[in-house]
Amino acid sequence: FIAKNVFAQNQQVVSIHAQDAIQFQKIVSDNGDWLRDEVNYGINENMWAHIQEKGKNTELQDRLMHQFRISAFIQEDYKLISKTEKFIWLGRGYPYRWLTFLSSTKSDYATAEGAWENISLNFKSLMPDINLIEILRSEELISLNGEKIKIMRGVYEHLESDTGGPFVIYLFDGHVENEVILVGGFVNNPGHEKVSLLRQLELTIKKMKFNRGNYE
């Protein structure tokens, strides 16, 4: 079983009763998915509470709603870096984190090869100092709020600062036929850990809501 807040707030205690190492291994194997999901849920809940403590930027939230019909929590210290009719780039200071939103043509992303080609072309045009490196790329398909969402992962170079880091791009169905909305997260934290920062961005993305029924 898993108990919460036993010895400290926001803490999880996992209890596994086994007669020996072999039985322990079997229990973990049989219940591994549940254990991982419960632990990750606890981590995400704590992280989301921490994110919301920072306050929100209502101006940027309103901009996302107006342009993309997306309800999102954007931390107070995020700023608008760049925008076009179909693109928004938000960012915050050190350690640097960026959120990007792009409306594109869904059929162009039907295959992994096509998706990477169009992602590279779009971001080269919209973020010219960003180079999406062709190594360490991966794709996965997850279920989020009852929908199948394609996720693209990789690393990038920031030419201006001669640094870089990991990025992730979620592909959501858009509001109209053959539209896809790419929501990206980029982390730049040279010489320091980046996993938790990327996880915060992904959690922010996963918490977003697309108001498709109200789109005009």
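Predicted model: local features only at pLDDT ≥ 70, side-chain atom pairs only at ≥ 80, totals over all residues.
Trainee: Let's start with the pocket. How much space lies in the largest pocket, and which residues lie nearest its centre?

Mentor: A pocket is an open region, and we describe it by its volume and its lining. Here the largest pocket holds about 410 Å³ of space. Its lining has 15 residues, with Asn44, Tyr170, Glu202, Leu203 and Lys206 nearest the centre.

Trainee: Which elements supply at least two residues each of that lining?

Mentor: Those are helices α1 (21-53) and α4 (195-206), along with strands β8 (138-144) and β9 (147-158).

Trainee: Now the rings. How many aromatic pairs does the structure hold?

Mentor: There are 12. For each pair, look at the distance between ring centres and the angle between planes; planes under 30 degrees apart count as stacked. Phe167 and Phe186 have centres 5.5 Å apart and planes at 20°, so this pair is stacked. Phe167 sits in strand β10 and Phe186 in strand β11, so the pair ties together parts 19 residues apart in sequence. Both Phe167 and Phe186 are buried.

Trainee: Which residues form one aromatic cluster?

Mentor: Phe167 and Phe186 belong to it, together with Trp89, Trp98, Trp116, Phe123 and Tyr156.

Key: Residues numbered from 1 in each chain as written. Heavy atoms only, no water. 1 Å grid on protein atoms, 1.4 Å probe; cavity = no way out; pocket = protein on both sides within 12 Å on 5 of 7 lines; lining within 4 Å. Points joined across faces, edges and corners; volume = space filled by probe spheres on them. Helix = DSSP H or I, 4+ residues; strand = E, 2+ residues; numbered from the N terminus. Phe/Tyr/Trp six-rings, centres within 6.5 Å; stacked < 30°, edge-to-face > 60°. Buried < 20%, exposed > 50% of the residue type's maximum accessible area, 1.4 Å probe, protein only.
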